[in-house]
Amino acid sequence: MRITIFGTGYVGLVTGACLASSGNDVLCVDVDADKIARLKQGEIPIYEPGLETLVAENTAAGRLSFTTDAGQAVAHGTLQFIAVGTPPDEDGSADLKYVLKVAETIGQHMTDYRLVITKSTVPVGTSDKVRQALAGVLAERGSTVDFDVASNPEFLKEGAAIDDFMKPDRVVVGVDTERAADHLRALYAPFNRQHDRTMVMDIRSAELTKYAANIMLATKISLMNELSQVADRLDADIEQVRKAIGADHRIGYHFIYPGCGFGGSCFPKDVRALAHTAAKIGYDTEIINAVERVNDRQKTILFDKLHAHFKGELAGKTVALWGLAFKPNTDDMREAPACTLMEALWAAGAKVRAYDPEAMDETARIYGERDDLVFCKHGEDAATGADALVLVTEWQVFRTPDFKALSELMRERVLVDGRNIYKPSYVASAGFAYYGIGRSAAS
Ligand code: UGA
């Protein structure tokens, strides 16, 4: 099949490379000429395991190419994917101007049938707006060419996006014609393992499915984080509680890890956006609003623990941070708990020494050069001379440190374990004051 993808961000690029690898002829288009030039050279603008190789293989095989030429892009694919950004407005609603601009562009250039598929995460009802925008432009042109719209939300996790695309739990397809359903069933057939995973439904249900999935997951995390706060105050150990409740299949072991709050480009934005959509139609969401409030509070927990340990005297202290990205295997800093922590530490007069395997460039880009932020070569380097060490992101490289050696490098032995990855009694035996999330140092 011939496929065009508008937007070479995270979703567009992964979708393009994966669809090319199943034998399609994919053209990715972006207005950012610099980005397209770099992609043509094989340079990938984001860090995602496996993506660079996949892009290189498919480009070399002639199945994947890049352009800034919108006319060429519309002419290329019978299937036109919209995977451009939907940055949140100030009130939390998604800004659709880029999505609708693509719809207009397709309307300006198309000369025969096109199936226009929205892949960006967009509020329920956006496909109708896409249809209107496109039809409006066609009417202006006096054109009567036929088109369909569809919603095909993505369920990729950063750091595991290729695997998620190639081996999906399900593919959600929202359509209102059989013709559109047939195109999308055929496109995704190579990704069905053992049984058909494509779920065809109406367009609004498909749009809502994306939000529902993310909000269900975000709720699990906020609920666990809230329970961890209760455990902390009751002197119970949330890790033992987690293992015991996860054994019930209805609860399950996935996505019930307490931590220092969820971040990234999806959960925080989608939670806010659905609450906003509901409010606009007169429904005040209660659980969804609470998920956001609990998360905001959880993101201050690392600072609160340091503040309590040092009895508020953080001025002049040096704090080592292990991990900056909102989760491992990404360089994404959006809504990262590390940002909340660093900003609070700086406001209290403390200095930060940080190490992250991938996200230091991005952090430097956000905060610029400043005396109270030092980027380090590795974890031990960051800990050297520090008064406290905070594990913020559970990268593999931080899992089994030599605590005895670390204790000799540090000025004071304080460890805040923001992801509960260490055994408190073991860390304490190396002389550290240990603070986890919802667990006592004795566990
Ligand atoms: C999330 C969803 O998991 C994907 O299914 C979805 O497609 C994607 O959003 C999206 O809408 O595009 P992602 O944001 O990449 O993916 O990251 P996750 O791995 O889901 O982690 C989200 C946050 O939850 C991270 O901050 C992570 O540290 C936190 N988390 C996750 C916990 O605190 N506890 C857990 O048990 C699991």
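**Exercise 1. Strand β9 and its neighbours**

Task: In this predicted model, find which residue of β12 stands opposite Leu321, then describe how β9 is placed among its partners.

Solution. 
Step 1. Leu321 faces Val390, a residue of strand β12. The two strands, β9 and β12 (residues 388–391), run parallel and are paired over four bridges.
Step 2. Strand β10 (residues 351–355) is also parallel to β9, and five bridges join them. Here Leu321 has Ala354 opposite it. Between β9 and β10 the chain passes through helix α14 (residues 337–347), giving a right-handed β-α-β crossover.
Step 3. Side chains in a regular strand alternate between the two faces of the sheet. In β9, Thr318, Ala320 and Trp322 point one way, while Val319 and Leu321 point the other way.
Step 4. Residues on both sides are buried. Since five of the five residues of β9 (residues 318–322) are buried, the strand is largely enclosed by the rest of the structure.

**Exercise 2. Strand β7**

Task: Determine which residues cover each side of β7 and which unit β7 forms with α8 and β8.

Solution. 
Step 1. Val171 and Val173 lie on one side of β7 (residues 171–174), with Val172 and Gly174 on the other. These four residues are all buried, and both faces of the strand are covered.
Step 2. The pairing of β7 with β8 (residues 198–201) is parallel and has four bridges. Within it, Val172 has Met199 as its bridge partner.
Step 3. Together with helix α8 (residues 178–188), β7 and β8 form a β-α-β unit that is right-handed.

**Exercise 3. The shell around the ligand**

Task: Work out which residues come nearest to the ligand and why the ligand shell lies where it does relative to the two domains.

Solution. 
Step 1. There are 20 residues around the ligand, and those that come nearest are Glu158, Tyr257, Phe262, Gly264 and Cys266.
Step 2. Sorted by type, the shell has eleven nonpolar, five polar and four charged residues.
Step 3. Helix α9 (residues 203–234) supplies three residues, the largest share of the shell.
Step 4. Residues of the shell come from both domain 1 (2–201) and domain 2 (211–296), so it lies between them.

**Exercise 4. Two sets of recorded positions**

Solution. 
Step 1. One set in the UniProt record includes Phe155, Lys210, Phe255 and Lys327.
Step 2. Another set in the record lists Asp30, Lys35, Thr86, Thr121, Glu158, Lys269 and Arg334.
Step 3. Thr86 is in the loop between β4 (79–82) and α5 (97–109). Because Thr86 has 21 C-beta neighbours inside 10 Å, it counts as buried.

**Exercise 5. Arg233**

Task: Is Arg233 buried or exposed?

Solution. 
Step 1. Arg233 belongs to helix α9.
Step 2. Within 10 Å there are 9 other C-beta atoms, so Arg233 is exposed; the cut-off for exposed is 12 or fewer.
Step 3. Asp163 is 70 residues from Arg233 along the chain, and their C-alpha atoms are separated by 40 Å.

Key: Residues are numbered from 1 along each chain as its sequence is written. This is a predicted model: local features need pLDDT of at least 70, side-chain atom pairs count only at pLDDT 80 or more; totals for chains, interfaces and linings use all residues. A residue is near a molecule or strand if its C-beta atom, placed from the backbone, lies within 6 Å of it. Ala, Val, Leu, Ile, Met, Phe, Trp, Tyr, Cys and Pro count as nonpolar, Asp, Glu, Lys and Arg as charged, and the others, Gly among them, as polar. Domain bounds come from an automatic or database domain assignment. A residue is buried if 20 or more other C-beta atoms lie within 10 Å of its own, exposed if 12 or fewer, and partly exposed in between; C-beta atoms are placed from the backbone. Two strands pair if DSSP finds at least two bridges between them. A crossover is right-handed if, with the strands pointing away from the viewer, the path from the first strand over the helix to the second runs clockwise. UniProt positions are given in the numbering used here, feature names are shortened, and annotations may be inferred rather than shown by experiment.
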